[in-house]
Amino acid sequence: TITIEAAEQCARTALPDPGDDEFYHADLIGLTVIGPEGQALGRVKAVHDHGAGDLLEVASPAHPSGVLLPFTHRAVPRVDLATGRIFADPPEGLFD
């Protein structure tokens, strides 16, 4: 019998490494989103792709149902998988 964790690991090792500025959705889920002043905005709950570009669903105590942050270089200039953080510069008022 194989566990789900083992199956996921086998499937992951079969995937090619993402290129520069490319990420697997599974790697983004759970990362902490940091705002321009260094404040935690929440955690990535899901990644949505509706054809016009990816959106990060960011949930926090202030926004438990989530805020949709465009996953663009402008709104998300840096992703640091090693530290588990996404550095965001969201459109004005998005997290108000």
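A: A salt bridge is a side-chain nitrogen of Lys or Arg within 4 Å of a carboxyl oxygen of Asp or Glu. Before we use that, one caution: this is a predicted model, where local features need pLDDT of at least 70 and side-chain atom pairs count only at 80 or more, while totals for chains, interfaces and linings use all residues. Residues are numbered from 1 along each chain as its sequence is written, and side-chain values use heavy atoms, with hydrogens and water left out.

Q: Fine. How many salt bridges does a search of the whole structure find?

A: The general idea is that side chains of opposite charge can pair when their charged atoms come close. Here the search turns up 2 salt bridges. One joins Arg 78 to Asp 80, with the closest N and O atoms 4.0 Å apart. The other joins Glu 57 to Lys 45, at 3.7 Å between the closest N and O atoms. Glu 57 belongs to strand S3 (residues 54–59) and Lys 45 to strand S2 (residues 40–49), so this pair ties together parts that are 12 residues apart in sequence.

Q: What ring does the charged end of Arg 78 sit over?

A: A charge counts as over a ring if NZ of Lys or CZ of Arg is within 6 Å of the ring centre and within 35 degrees of the ring normal. For Arg 78 the ring is that of Phe 87, and the charged end lies 4.0 Å from its centre.

Q: Which residues of the largest nonpolar core touch the most other members?

A: Such a core is a set of buried Ala, Val, Leu, Ile, Met, Phe, Trp, Tyr and Cys residues joined through side-chain atoms within 4.5 Å. The largest one has 16 residues, and Leu 28, Val 33, Leu 56, Leu 69, Val 76 and Ile 86 touch the most other members. S2, S3 and strand S4 (67–70) each give two or more residues to this core, and S2 supplies the largest share, 3 residues.

Q: What is Leu 28 in contact with?

A: Contact means heavy atoms within 4.5 Å. Setting aside neighbours within four places in sequence, Leu 28 touches Phe 23, Val 44, Val 47, Leu 56, Phe 71, Val 79 and Ile 86.

Q: And where is His 63 found?

A: His 63 is in the loop between S3 and S4, yet it is buried at 16%. Beyond its neighbours within four places, His 63 contacts Val 58, Phe 95 and Asp 96. Ser 60 is also in the loop between S3 and S4; Ser 60 is buried at 13% and, with the neighbours within four places left out, contacts Leu 41 and Gly 42.

Definitions and conventions: Helix = DSSP H or I, 4+ residues; strand = E, 2+ residues; numbered from the N terminus. Buried < 20%, exposed > 50% of the residue type's maximum accessible area, 1.4 Å probe, protein only.
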